[in-house]
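User: I would like to know how the labels used for this model follow from their definitions. Please set each value against its cut-off.

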Amino acid sequence: MSVFESSSASSRPITAVAWASNATTCPSHFTLISMTEDGASANFIRGFAIKSGGLFLCYSKDLSGGMVVADVQLISDKETIPHGYCYIPEYLEPKASVGKKKRVCVRIVPVGSVTMAVLDLKLTSKNKSMVQQYTCLGDMNGFVVWCLKGPFSTPVPQAKPRSVSLDMRSLSLDGVGPPLPLKASNPPDVPPKFSRRRSKLDMTNQTEGVYDSGNHSNIYGITAMDGVPFTLHPKFDSQSNTKVSVSTLSDIRIKSVQDIENEYNYTFAVEELAAKRIRPSLS
């Protein structure tokens, strides 16, 4: 039995697995597995049926969807698909189909929810070869499916340089710099021309925007209490300045719970009598 050493697979995770009839039906962002590790054709349709079309596994590493393949399994038609798994999609020719005796299912999760994912898929001919460091998923149509799992890395998005316009330069806190020389690309600012009706509408919209605090667009929205000074009434101001004698404090009586119950006791007799009255029936 020959042994194949696993190649240095990319650390980027697989984001989708699918079936394809050939390179034409395979989506552009998918990689078609056309050959096995021992150099044979990876077409799952063999024999005379190969004239009707092909059947290949393919996978994608496009992270734009924000999902990754956390696990791959091969299940038979008598097994129930595990919870959280789904069958892989099919990009086939009109008359082609995938056998139901054994099917490939995957578990797809958000990229930020896991640290381990499926990094690579390989195929070998049955009972002929094996791939080290890869996990054997099982055999299907004379092929053995292998997968490599491990920690993955996501590409760091590169910041795109942005040009600073003249209007943004005018907002600088360093002060106003010297005027730029007049060029064809730097014409003098010309005030826009508005009709009298347009200028009145703009002033109305600006006024409504200042006083409109319902949408919380301006945390400094003007209210009716703005500008009103906060002062105490002279009656209470004089009381706060006077000192309270100790004798006055000693006259305060602390009521018990029973005293409060007796003071505010109410039987609700009138209400109960009114509730028991029978309403006269309408003749």
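User: Why is Gln133 called exposed?

Analyst: Gln133 has a relative accessible area of 67%, and exposed means over 50%, buried under 20%, and partly exposed in between (1.4 Å probe, protein chains only). Gln133 is therefore exposed. This is a predicted model, in which local features need pLDDT of at least 70 and side-chain atom pairs count only at pLDDT 80 or more, while totals for chains, interfaces and linings use all residues. Residues are numbered from 1 along each chain as its sequence is written, and side-chain values use heavy atoms, with hydrogens and water left out.

User: Which class of accessibility does Asn141 fall in, and where is Asn141 placed?

Analyst: Asn141 has 47% relative accessibility, so Asn141 counts as partly exposed. Asn141 lies in the loop between E11 and strand E12 (143–151), and its phi is also positive, near 55 degrees.

User: How do you know that Lys102 and Asp139 form a salt bridge?

Analyst: The N to O distance between their side chains is 3.9 Å. A salt bridge needs a side-chain nitrogen of Lys or Arg within 4 Å of a carboxyl oxygen of Asp or Glu, so the pair qualifies. Lys102 is in strand E8 (residues 102–110) and Asp139 in strand E11, 37 residues apart, and the pair links distant parts of the chain. Lys102 is partly exposed because its relative accessibility is 30%, and Asp139 is partly exposed with a relative accessible area of 30%.

User: Which other pairs meet in a salt bridge?

Analyst: The whole structure has five salt bridges. Among them are Lys255 with Glu263 at 2.6 Å, N to O, and Asp120 with Lys122 at 3.6 Å. Asp120 and Lys122 are both buried.

User: What makes Tyr266, Phe268 and Val270 a patch?

Analyst: A patch takes residues with over 30% relative accessible area and no salt bridge, joining nonpolar side chains (Val, Leu, Ile, Met, Phe, Trp, Tyr) within 5 Å and like charges within 9 Å. Val270, in helix H6 (residues 269–276), has 60% relative accessibility and so counts as exposed. The three residues form a nonpolar surface patch with about 340 Å² of accessible area together (Shrake-Rupley method, 1.4 Å probe; for residues, only the protein chains shown count as cover).

User: What is the volume of the second largest pocket, and which residues are closest to its centre?

Analyst: The second largest pocket has a volume of about 210 Å³. Of its 13 lining residues, Gly99, Lys101, Lys102, Met140 and Asn141 are the closest to its centre. A pocket is an open set of points on a 1 Å grid over the protein atoms alone, with protein on both sides within 12 Å along at least five of seven lines, and a lining residue has an atom within 4 Å of a point; a cavity is instead a set where a 1.4 Å probe fits but cannot get out.

Terms used. Helix = DSSP H or I, 4+ residues; strand = E, 2+ residues; numbered from the N terminus. Points joined across faces, edges and corners; volume = space filled by probe spheres on them.
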